[in-house]
Amino acid sequence: MFFYHRKALTHRSHPPCRDLALSERKSPMVRTAAAAVLVTAGLLAVPEPAFAATSFTVATDGSGNYTTIQAAVAASSASGVITIKAGTYYGQVQIPASKSGITLQGATGTSGDVIITGNVPQSTGGVTGSATVYNLAPNSTIKGLTMQNTYGAGSQALALYAAGDRQVYRNVQMKGYQDTFLSWGGTGTSQIRQYVYKSYISGAVDFIYGNGAVVIDSTTIESLNIGSSSNNGYVTAAATDDSNPYGFLITRSVLKSAAAAQTVALGRCWHAGNAADAIGQVLVRDSTIGGHIRQAGAWQDMSGWSWRTCRFNEYNNTGAGATTGTSDRPQMSASTAANYTAQKYLAGSDGWNPVQ
């Protein structure tokens with residue numbers, strides 16, 4: 001089985017995003033004739049009204065405010081709420097950084113009822129162009145829906161490119177093949193954070209990757225069965241900057257697959273752009289690991305870099321694929337693990353704590 005080499009990410013590009021958002025500002029009402037006189041005379045200051053957060057509904061059948069999610073995003077204010085009715089929505093959804101605090105939510109609460117789908121490969125669309133959902137908005141929440149890229153084998157093809165800080169993904173499905181979920185905040189020491197909770201992520205090759213601080217909590221992570229008797233892929237490819245202690249945390253989750261026993265690696269050591277300071281950090285803890293995960297070779301080299309140059313560990317896992325004691329499965333001590341909790345990964349300098 002041939003697996004494509006990862007292309008270097010040397011910076012985060014910013015496609016132009018025109019903010020079509022705000023409805024026109026209405027003039028303040030003059031409550032009394034006396035007030036009107038004072039206003040006219042310039043003796044009474046009338047404060048400008050603050051914009052209220054918008055609330056829109058999207059439905060493919062025309063029963064909402066918009067028929068496409070992108071149109072609703074363009075019209076939304078920061079902190080707006082977009083409720084999406086059941087259906088399949090085609091093409092990229094791009095959420096610009098100016099939409100801080102925005103929420104996209106499936107109307108039914110069942111993630112499989114609302115599907116955002118694309119099939120653009122990175123080989124033709126680039127990293128940002130291939131992402132079915134490209135979310136740059138900080139403080140944003142996406143819940144109760146599916147994001148998928150159906151391109152399949154042959155190229156990297158993203159379902160979600162998470163490029164903003166303090167993002168929450170709750171009760172979502174992310175489906176792809178190679179590079180399903182990217183967390184990337186650009187090069188350098190600054191780091192973005194995402195929290196994924198009670199969700200589902202699937203893929204075959206490096207399908208959780210990047211340099212953000214990401215907590216994947218109480219989530220099912222499924223490695224696709226691509227039919228090999230020896231190599232059915234890799235779960236993670238972290239490129240955490242060496243100045244950042246936290247990269248990817250998989251906690252209280254289930255790693256499963258129908259693939260052959262011991263044919264899937266927990267991750268590869270991705271030095272993005274061949275950078276020596278991209279020292280990936282991954283911890284899998286308090287999770288149930290299926291028998292598809294390797295014992296020897298659970299962590300893999302990549303592009304000439306030994307996996308031992310990265311920071312890969314496990315702690316307190318169970319299941320058929322939990323460690324049997326091989327040196328290829330480094331275990332974190334209980335005392336060290338006390339400083340590698342979900343809250344620690346996401347706290348940053350502002351104490352952010354979305355953990356459920």
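The link between Cys 269 and Cys 310 is right-handed, with 75 degrees about the S-S bond, and the two sulfur atoms lie 1.9 Å apart, where a disulfide is a pair of cysteine sulfur atoms within 2.5 Å. Because Cys 269 lies in strand S20 (residues 265-269) and Cys 310 in the loop between strand S23 (299-300) and strand S24 (311-315), the pair ties together parts that are 41 residues apart in sequence. The structure holds one disulfide. Cys 269 counts as buried at 0% relative accessibility, and Cys 310 counts as buried at 9%; buried means under 20% relative accessible area, exposed over 50%, and partly exposed in between, with a 1.4 Å probe and protein chains only.

This is a predicted model, in which local features need pLDDT of at least 70 and side-chain atom pairs count only at pLDDT 80 or more, while totals for chains, interfaces and linings use all residues. Residues are numbered from 1 along each chain as its sequence is written, and side-chain values use heavy atoms, with hydrogens and water left out. Helices (H or I, at least four residues) and strands (E, at least two) are DSSP runs, numbered from the N terminus.

Asn 211 is found in the loop between S14 and strand S15 (213-217), and Asn 211 is buried, with a relative accessible area of 9%. A polar atom of its side chain lies 3.1 Å from the backbone nitrogen of Gly 185, and the side chain of Asn 211 also reaches the backbone oxygen of Gly 186 at 3.0 Å. Leaving aside neighbours within four places in sequence, Asn 211 is in contact with Ser 183, Trp 184, Gly 185, Gly 186, Gln 191, Ala 239 and Thr 240.

A further buried position is Leu 104, at 2% relative accessibility, which is found in strand S5 (residues 103-106). Not counting residues up to four places away in sequence, Leu 104 touches Ile 69, Val 73, Ile 82, Ile 84, Val 93, Ile 95, Thr 141, Ile 142, Lys 143 and Leu 145. Leu 104 and Thr 83 are 21 residues apart in sequence, and 6.1 Å apart in space from C-alpha to C-alpha.

Definitions and conventions:
Contact means heavy atoms within 4.5 Å. A polar contact is a pair of N or O atoms within 3.5 Å; within protein, one must be able to donate a hydrogen and the other to accept it, and residues adjacent in sequence count only if both atoms are side-chain atoms.
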